[in-house]
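Here is a short report for a reader who is new to this fold. Please look at the sequence and the model first.

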Amino acid sequence: MPSKPDTALLIVGHGSTENPDSSTPYFDHADEIRSRGVFSEVHCCFWKEEPSMREARYMIDADEVYVVPDFISEGYFTQEIIPRELGLDGPTTEHHGKTWHYTLPVGVHSSMTGLLLRRAKDVAPDVDPSEITLFIVGHGTGLNQNSTKAIRDQAEAIKASGAGYAEVLDAYMEEQPFIADWDKLSKTDHVVVVPFFIADGLHSYQDIPVLLGFEKDEGEAASQREVFRNNPYHLRGKTLYYSSAIGTERHMADVILDQVADFDSKHLS
């Protein structure tokens, strides 16, 4: 995308007080974008880690700021918490002597479809997609329907992409269809599971592997498990391939820039 001198990019993430590695993908994506020299400044801030959202404005020198939520879906955090913490009241806000542009979260961008297909191919490179059921897995919650919409949309986009998978299904940890029933939901012998999360943490290291059936509730620290490196798993009469969270994909930096470009096209052109 064209260079934006005198403009800052602020990547906003959830963060975690329990998993110090959860913020690593955000900083990796920031480093990648910084290396391209598009913005004069690139920063990260978090809800559950330092630097916080309220500290962000003190880190930024530029008068114009693009705020990109590095979140999977639209919902409580992107529609309430981030605007409140940063003082945003719409797509563009004049606040604290700066102009703030607020984009949609990365998870709803159409270019996420390409990342999911890349990750699915990487995790099972020698299996023909026509023999695979591909699961896109999210948390799910009955409190917010938007939490599953982004995943359903991506599953439909993959089906329409012509990638050739036998089946593409959305499934969830805490609402139907449950990923714990993956063997009953899939009709093929080969199954690929891609967690639709921004960072690897307790859900992708432990919770989903337990639901899939190849990890136990108790054991060594979740982050020390080699759950992504022992593919394939042979269980429940099928061959299962399990990937790390989609947000760890290095091309997520491109999705962040795509959201900025889309914002410009929609609001500033």
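Which residues are buried in helix 7? They are Ser 204, Tyr 205, Gln 206, Ile 208, Pro 209 and Leu 212. Buried means under 20% relative accessible area, with over 50% called exposed and partly exposed in between (1.4 Å probe, protein chains only).

This is a predicted model, in which local features need pLDDT of at least 70, side-chain atom pairs count only at pLDDT 80 or more, and totals for chains, interfaces and linings use all residues. Residues are numbered from 1 along each chain as its sequence is written, and side-chain values use heavy atoms, with hydrogens and water left out.

Helices (H or I, at least four residues) and strands (E, at least two) are DSSP runs, numbered from the N terminus. The buried residues of helix 7 pack against strand 6, helix 6 (182-185), strand 8, strand 9 and strand 10. After helix 7 comes Gly 213, with a positive phi near 105°.

An open sheet is built from 5 strands in the order 7-6-8-10-9, with mixed pairing. Two strands pair if DSSP finds at least two bridges between them. Strand 7 (167-172) and strand 9 (233-235) are at the edges and have a single partner strand each, so one side of each lacks a neighbour in the sheet. From one strand to the next, the twist averages 30°. Angles run from 0 to 180 degrees between N-to-C directions, and axes are lines fitted to C-alpha atoms, for helices over the stretch in contact.

| Strand pair | Bridges | Direction |
|---|---|---|
| Strand 6 (residues 132-138) and strand 7 | 6 bridges | parallel |
| Strand 4 (residues 92-95) and strand 5 (residues 98-102) | 4 bridges | antiparallel |

Ile 136 stands opposite Asp 170 in strand 7. Helix 5 (residues 146-160) packs on the sheet and touches strand 6 and strand 7. Contact means heavy atoms within 4.5 Å. The direction of helix 5 makes about 170° with that of strand 7.

**The hairpin**

Glu 94 has Thr 99 in strand 5 as its bridge partner. The hairpin of strand 4 and strand 5 has 2 residues between the strands, and His 96 there takes a positive phi near 50°.

**Two packed helices**

Helix 1 (residues 24-36) packs with helix 8 (residues 252-268) at about 65°, the axes being 9 Å apart. His 29, Glu 32, Ile 33 and Arg 36 in helix 1 meet Met 252, Ala 253, Asp 254, Ile 256 and Leu 257 in helix 8.
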